[in-house]
Amino acid sequence: MTFTTRPTLRGTFGMVSSTHWLASQSAMGVLERGGNAFDAAVAAGFVLHVVEPHLNGPAGEVPAILATADDPTPRVLCGQGPAPAGATVAHFRSLGLDLVPGSGPLAAVVPGAVDAWLLLLRDHGTRSLAEVLEPAIGYAAAGHPLVGAAGQTVERVRSLFTEHWPTSAELWLRHGRAPAAGEMVTNPAYALTLRRLVDAAGAAGADREAQIEAARRAWREGFVADAIDRFSRLPFRDSSGRSHAGLVTGADLAGWSATWEEPVTLDWRGHTVAKTGFWGQGPVLLQTLSVLDALDDPRALDPSTVDGIHAQAEALKLAFADREAWYGDTGEAPAALLSPAYARERAALIVARASTALRPGSPAGAPPRLPAHLQAHAARRAGPQDPSTGEPTVRADGVTRGDTCHVDVVDRWGNIISATPSGGWLQSSPTIPELGFPLGSRLQMCWLEEGLASTLTPGRRPRTTLSPTLVLRDGEPVLACGTPGGDQQDQWQLLFLLRHLVGGQELQEAIDAPAWHTTSLPASFYPREVEPGVLVVEDRLDPDVLAALGARGHTVRRSDPWSLGRLCAVARDPRNGVLSAAANPRGAQGYATGR
């Protein structure tokens, strides 16, 4: 018997896995009351805003992939807001900036998470807005025991709050200190915001869809948009070391809404893997799987051996190099990126020794273009960072400062969803006092250089790292999974999928297995640096394997034994309707539940 930290849960009624036990159980409560997987996911999403405020917030974003019991065709829910109308390269250059700051109002995109969750509830849910928001309102109003990582995040930015962001200090430093682990905390302003959305819904009459639309209008055109418009115009200190006003206006909120889109898919070893489009990093996973197949070597598919880790790390480097050259919200990513011929061309670059070069390819003969910043700083090592910047993900030494969130749900009817909420962290921007949350900072993923796939452009989405996954077999959805982790999200999911789909490991066993990732790629977050050749590993990996990786040219950096990844997963066997779920034990926070 293989030891796992927890069992893989099995049942036939419903399964939930998320990065916080309160969100998981809140979602399960919705299922128990007759809601479907989408009702449950919405409830979990709003609870995550409250209980993981250092990891996501209402003004953040959420991409999701789902399939319904009536139609197994995967669909993408895009809750990634775009750059506001005033966010031009010229404006940032006029401020003397070479990079979009990693924190502060200037780094904000149009908030996307709430509108996306409400769109999901309208189109695929069955319950009322009041019912799905009840748990989040309760935790925000009456309080919840704060996880230790959230208090630690507040402590790291305490001086920023006290000296420059007084509205955040009022919310998070009420006793002149950061909240302790397990301390009951409330957010009355956010509870009131949610109640006002429910009130707006109730005033729209008895029709459920009309109620949800009324709440969406209150968010995008009403009191929320008004408060964001006013507050965004105020200057606050950001990671540039100076104070800048934001650019998001009420008109930006009114002019955008979440959308339904087609996924990008790859047929791979009897499965179809579905990801978001090239406006996000999701296709990196597909490119990597395609390159590994092109190697035509079974040893390349084992994430615990020297040959497997080396091949996978090298394939990931090639895919991430293509991300930098080709991915962005232009609709112009070459289709050849996922062609077998291109995969063979890229696989031929993988040799016995680790590469430290950034090597984007030329799909269909098109020449790649990298940002000048990367070409000038490709060999710079990442140094200490302002704790308010970037996605608060895993530090170079493997220590988790915080992260994104994730939730997966599958129900007894066969509805299934994978969602990765993020952004709008408590440390991303000053708190808007009457709303109880800050704006996000996702705009930092755009470049201030013309002519790139991810050049800052008003109305375009930043190239996000958020990357939920849905897997199908014979046209039926069988697995939803995902993880926080910024640039590591698709790396950790790769290991999980190889272990589960190829190695035959159960969900929990595949999650518990030793993890690793490479940082030999351009970071998506400010200050956008690279660590050539570095491989970060949990030191539970076999010492002989680590030594052999070093001999192949990898700079092996050991991390704590249980420090990398926060994977969640749910699954359904279409043959018998058995559902299963598992969650990551790292950080002692994520949990799966179900029956």
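The side chain of threonine 455 reaches the backbone oxygen of glutamate 449 at 2.5 Å.

Some housekeeping. This is a predicted model, where local features need pLDDT of at least 70, side-chain atom pairs count only at pLDDT 80 or more, and totals for chains, interfaces and linings use all residues. Residues are numbered from 1 along each chain as its sequence is written, and side-chain values use heavy atoms, with hydrogens and water left out.

Back to threonine 455. Threonine 455 sits in the loop between strand 15 (437-438) and strand 16 (469-473). Helices (H or I, at least four residues) and strands (E, at least two) are DSSP runs, numbered from the N terminus. Is threonine 455 buried or exposed? Threonine 455 is buried, at a relative accessible area of 6%; buried means under 20%, exposed over 50%, and partly exposed in between, with a 1.4 Å probe and protein chains only. Not counting residues up to four places away in sequence, threonine 455 touches Val89, Cys446, Trp447, Glu449 and Glu450, where contact means heavy atoms within 4.5 Å.

Next, strand 4. Strand 4 pairs with strand 3 (residues 62-67) in the antiparallel sense over 5 bridges, and runs antiparallel to strand 9 (residues 259-261), with 3 bridges joining the two. Pairing requires that DSSP finds at least two bridges between two strands. Leucine 77 is the bridge partner of alanine 64 and stands opposite tryptophan 260 in strand 9.

Now helix 6, residues 148-156. Its buried residues include Ala150, Gly151, Thr153 and Val154. Seen down the helix axis, the buried residues fall within an arc of 155°, so they line one face of helix 6; the arc is taken from the directions from the axis to the C-beta atoms. Those buried residues pack against helix 7 (158-163) and helix 8 (166-172).

Last, the cores. A nonpolar core is a set of buried Ala, Val, Leu, Ile, Met, Phe, Trp, Tyr and Cys residues joined through side-chain atoms within 4.5 Å. The largest has 83 residues, and Phe46, Trp117, Leu129 and Val409 touch the most other members. Helix 2 (residues 37-51) gives the most to this core, 12 residues.

Note on methods: Polar contact = N/O pair within 3.5 Å; in protein donor to acceptor, adjacent residues only side chain to side chain.
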